[in-house]
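Below is a short note on charged side-chain pairs. Please read it alongside the coordinates.

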Amino acid sequence: MDLSEFEKYKFMREALYEAKKAQNIGEIPIGCVIVRDGEIIGRGHNLREHSQDAVHHAEVMAIEEACLRTGSWRLENTQLFVTLEPCAMCCGAIINSRIPEVYYGTKDPKAGCAGSLMNLLGDKRFNHQAQVEYGIMEEASAKILRDFFRYIRKQQKIRKQQRRLAQQKKDKSILEK
């Protein structure tokens, strides 16, 4: 991992840009970019809700684009930047595509498998391991997720209140008959 701090922040900002794209369409705001030789070769953000496909995580989308762009499933000599710690499925995709370096913004204590619940990327039993560094733009990565879920909870509360008011009106009209 010999990227400069400037490069790490530069590419994590691009991953955050992808996360904002997800947020803008109502997806959980997680974004990812894959870099080779200082150039972004793959971009992705969550698309699970829109596609109704469980594997459409940001990392998988970026890996697919990078593979198409390079014409190979082997993404050696690349770096993956993602705003949230990869889950088990995404760690599997990272291992299988031979990505050697992973940088992520914030930990995922409920599903993270690159250090939180376990570290699949460092497990020597696999035929490939990736070096992991976390905490790059950690606060920005955590904030976009916190703000998104706060908004979702607020919207749910509003809908619940609207349903309760509608039921009260219905009950009142029944009583008046």
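1. A salt bridge here is a side-chain nitrogen of Lys or Arg within 4 Å of a carboxyl oxygen of Asp or Glu. The model is a predicted one, and a search of the whole structure returns 10 such salt bridges.

2. Salt bridges with shared partners link E14, E18, K21 and R43 into one network. Within this group, the side chains of E18 and K21 meet at 3.2 Å, N to O. E18 and K21 are 3 residues apart in helix 1 (residues 5-24), which means a separation of about one helical turn.

3. The burial of these two partners should be read separately. E18 has 1% relative accessibility and counts as buried, whereas K21, at 31%, counts as partly exposed.

4. D123 pairs with R125 in a salt bridge whose closest N and O atoms are 2.6 Å apart. D123 falls under the 20% cut-off for buried, with 16% relative accessibility. R125 is exposed, its relative accessible area being 75%.

Definitions and conventions: Residues are numbered from 1 along each chain as its sequence is written. This is a predicted model: local features need pLDDT of at least 70, side-chain atom pairs count only at pLDDT 80 or more; totals for chains, interfaces and linings use all residues. Side-chain values use heavy atoms; hydrogens and water are left out. Helices (H or I, at least four residues) and strands (E, at least two) are DSSP runs, numbered from the N terminus. Buried means under 20% relative accessible area, exposed over 50%, partly exposed in between (1.4 Å probe, protein chains only).
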